[in-house]
Amino acid sequence: MISFEDMQTFVEVADGGGITVAAKRLGLPKSIVSRRLVRLESELGVQLLARTTRGASLTEAGASFREHAARMCLEMDVAREEMLPTGELRGRLRVAVPSSFGPGHFAPALAELARRHPLLQLHAHYSDRYVDLVADGFDCGIRVGYLQDSSLTARKIGVFPVGLFANPEYLRIHGVPRKPSDLLEHQAILQGTESWKVSDGSRTVVVSGQGRFKADSAAGIAEGTAAGLGVAALPVVIAQNYLEAGTLVPIMEQYSFPEVGIYIVRPPGSHVSRKVRVLIDFFVERFATVSGEAQRGRV
């Protein structure tokens with residue numbers, strides 16, 4: 001008899017490219033994952049995986065069996081979800097969350113989702129580094145920014161308005177920029193090689209600023225700006241505490257900047273687990289309200 005758990009484990013190993021990824025996704029020790037694979041190969045009488053020091057690749061038999069096993073696992077997942085009482089979620093949900101926005105904006109929402117579903121194991125990982133959802137074993141992730149093209153499936157759930165900010169003392173020393181061309185005379189605090197798209201409502205100008213301070217997170221950019229190192233474009237929700245403390249002030253308010261989107265991203269595939277669907281619906285409802293409030297309170 002072939003165990004469904006063994007078959008499901010094999011699909012996770014095949015899709016993730018190795019035992020380590022599958023173990024993360026399944027929340028199991030690698031030793032158990034390895035034991036299940038050996039047992040499945042023994043039951044089938046064929047080698048499914050070619051194991052190397054870098055991971056595991058499918059044999060010809062493994063590639064063929066993976067297609068059948070994946071369909072069977074999908075059907076079983078759908079059947080299990082249909083049998084659960086409405087609103088009751090079980091199992092483990094791993095979510096990758098950006099740390100700059102996470103504590104103040106996403107952490108309360110995830111905590112509320114877990115409170116509503118006491119049988120759900122919700123594991124949130126906070127980091128501003130790029131997370132490979134498939135390789136790192138996540139069911140979905142939250143991304144904030146201008147989403148790049150990828151193989152991931154994305155659902156936009158809201159936006160954060162963006163403004164231009166600087167420290168008052170920096171402006172006293174270096175002057176206040178009034179128009180886009182003035183920004184080229186200032187230190188720009190940037191994330192990577194970004195450019196600023198500045199619009200007056202009728203015309204958009206792309207400003208490629210230069211500066212000596214860069215950061216890979218919105219929180220890091222805000223800290224550098226508040227310390228007087230230059231001028232930065234920031235989501236208003238990130239700048240708000242600094243505005244209240246008086247360490248940042250808005251500048252060039254007659255101009256607008258593209259809003260940054262809030263997205264739920266997930267690995268590609270036709271079937272979306274009920275856990276992920278519930279999370280998406282919950283965040284759409286919650287952050288549609290947040291986005292509206294942010295728009296009304298725009299600096």
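Which residue stands opposite Val265 in β12? The first legend below gives the partner, and every view is taken from a predicted model.

**View 1. Strand β12 and its two antiparallel partners.**
Gly141 is the residue opposite Val265 in β12. Strand β5 (residues 140–145) runs antiparallel to β12 and is joined to it by 5 bridges. Strand β6 (residues 153–160) is also antiparallel to β12, with 7 bridges between them. Here Ala154 has Val265 of β12 as its bridge partner.

**View 2. Burial along β12.**
Val260, Ile262, Ile264 and Arg266 point one way from β12. Gly261, Tyr263 and Val265 point the other way. Both sets are buried, Arg266 included.

**View 3. The open sheet β10-β7-β11.**
Three strands form an open sheet in the order β10-β7-β11, paired antiparallel. The edges are β10 (231–235) and β11 (249–251); each has a single partner strand, so one side of each has no neighbour in the sheet. From one strand to the next the twist averages 50 degrees. Strand β7 (residues 162–166) is joined to β11 by 3 bridges. Within this pair, Leu164 is placed opposite Ile251 of β11.

Strand β7 runs antiparallel to β11. Helix α7 packs on the sheet and touches β7 and β10, its direction making about 140 degrees with that of β10. Helix α8 (residues 236–245) lies across β7, β10 and β11. The direction of α8 is at about 115 degrees to β10.

Ser217 sits in the loop between β9 (204–207) and α7 (218–226). Is Ser217 buried or exposed? Its relative accessible area is 12%, and because the limit for buried is under 20%, Ser217 counts as buried. Beyond neighbours within four places in sequence, Ser217 is in contact with Ser100, Asp128 and Gln191.

**View 4. The salt bridge between Arg39 and Asp6.**
Side chains of opposite charge can pair when their charged atoms come close. A salt bridge joins the side chains of Arg39 and Asp6, at 2.7 Å from N to O. Arg39 belongs to helix α3 (residues 30–44) and Asp6 to helix α1 (residues 4–16), so the pair ties together parts that are 33 residues apart in sequence. Arg39 is partly exposed, at 40% relative accessible area, whereas Asp6 is buried, at 2%.

**View 5. Further salt bridges.**
The whole structure contains 7 salt bridges. One of them joins the side chains of Arg66 and Glu67, at 3.5 Å from N to O. Arg66 is buried, with a relative accessible area of 18%, while Glu67 is partly exposed, at 40%. Another salt bridge, at 2.6 Å from N to O, joins Glu169 and Arg172. Glu169 and Arg172 are 3 residues apart in helix α6 (residues 168–174), which means that about one helical turn separates them. Glu169 is partly exposed, at 39% relative accessible area, and Arg172 is exposed, at 60%. Glu112, Arg115 and Arg116 are linked in a salt-bridge network.

**View 6. The nonpolar cores.**
The largest nonpolar core has 57 residues. Leu164, Trp196, Leu234, Leu279 and Phe283 have the most contacts inside this core. Helix α9 (residues 274–296) gives the largest share of the core, 6 residues. Leaving aside neighbours within four places in sequence, Phe283 is in contact with Phe106, Ala109, Leu110, Ile142, Ile157, Ile264 and Ala288. Another core, of 17 residues, lies apart from the largest one and includes Val13, Ala23, Ala70 and Cys73.

**View 7. The whole chain, for orientation.**
The chain has 9 helices and 12 strands. Of its 299 residues, 43% count as buried. Among contacts with a separation of 6 or more, 74% are between residues 24 or more positions apart. The accessible surface of the chain is about 15700 Å², and 51% of this belongs to carbon and sulfur atoms.

How values were computed: Residues are numbered from 1 along each chain as its sequence is written. This is a predicted model: local features need pLDDT of at least 70, side-chain atom pairs count only at pLDDT 80 or more; totals for chains, interfaces and linings use all residues. Side-chain values use heavy atoms; hydrogens and water are left out. Helices (H or I, at least four residues) and strands (E, at least two) are DSSP runs, numbered from the N terminus. Buried means under 20% relative accessible area, exposed over 50%, partly exposed in between (1.4 Å probe, protein chains only). Contact means heavy atoms within 4.5 Å. Two strands pair if DSSP finds at least two bridges between them. Axes are lines fitted to C-alpha atoms, for helices over the stretch in contact, and angles run from 0 to 180 degrees between N-to-C directions. Accessible areas come from the Shrake-Rupley method with a 1.4 Å probe; for residues, only the protein chains shown count as cover. A salt bridge is a side-chain nitrogen of Lys or Arg within 4 Å of a carboxyl oxygen of Asp or Glu. A nonpolar core is a set of buried Ala, Val, Leu, Ile, Met, Phe, Trp, Tyr and Cys residues joined through side-chain atoms within 4.5 Å.
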